[in-house]
Amino acid sequence: MTELPPKPNRDELTERASRVRVLVFDVDGVLTDGGLYYGDGGEVMKRFDVKDGHGLVMARHAGLRTAILTARSSSIVETRGRELGVSLILQGRKDKTAGFRELLTQLSVAPEECAYMGDDVNDLGPLGLAGLSACPADAAPEVRQEVHYIARNRGGHGAARELVELCLRATGQWEATVQHMKAPEALQAVKL
Ligand SMILES: [Mg+2]
């Protein structure tokens, strides 16, 4: 059995997280549990987690940008992304490495200033480029081997929010952002 590369220690993880300016998320298996529900008319439904949504909104309040990069295409993702104030939604990008490079150009950001969370082997390209790579607890083994950070939570069940918390704690912004979210005007301004 091959030996796994060591995970970064807490200090290195904090250092990587503190440099993040853009949080990039895959959709299926990260912002959702990976389930696809087909209706009679062939339409596909997905289930998003409100706590993850709240996490993305908190990232935005703390001055971080968020982005979505997915191989599939769905109007549901467009709707959910807009609700959460996601800066850039790139869908239908089968080649996720090319999609990630496109994202870097469009957002004028360096790869080391990005965190990327993905759950399967088609995410290995961007995971290898991002300054902070992360995956949900139930990601594919090949992905869990490669990333800097494995979330305690599963895809569609708080993994995305956990990445937001990691980055905001790294810069000491977590507590202030939680306080900010308690303000009635902050809550009224967002759909979760
Ligand atoms: Mg996925």
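Q: Which residue in β4 does Phe25 stand opposite?
A: That's Ile68. Strands here are DSSP E runs of at least two residues, and helices are H or I runs of at least four, numbered from the N terminus. By the way, this is a predicted model: local features need pLDDT of at least 70, side-chain atom pairs count only at pLDDT 80 or more, and totals for chains, interfaces and linings use all residues. Residues are numbered from 1 along each chain as its sequence is written, and side-chain values use heavy atoms, with hydrogens and water left out.

Q: In what sense do β1 and β4 pair?
A: Parallel, over four bridges; a pair needs at least two DSSP bridges. β1 also pairs with β6 in the parallel sense, again over four bridges, and there Leu23 stands opposite Ala115.

Q: Which way do the β1 side chains point?
A: Val22 and Val24 point one way, Leu23 and Phe25 the other, and all are buried. Buried means under 20% relative accessible area, with a 1.4 Å probe and protein chains only.

Q: OK, new topic: what coordinates the magnesium ion?
A: Asp26 (OD), Asp28 (O) and Asp119 (OD), at 2.1 to 2.2 Å. Donors are N, O and S atoms within 2.8 Å of the metal (3.2 Å for Na, K and Ca); water is not among the atoms, so the site may look incomplete.

Q: Where do Asp26 and Asp119 sit in the chain?
A: Asp26 is in the loop between β1 (22-25) and β2 (37-38), and Asp119 in the loop between β6 (114-117) and α5 (124-129), 93 residues apart. Both are buried.

Q: And how many helices and strands are there?
A: Nine helices and eight strands.

How values were computed: Buried < 20%, exposed > 50% of the residue type's maximum accessible area, 1.4 Å probe, protein only.
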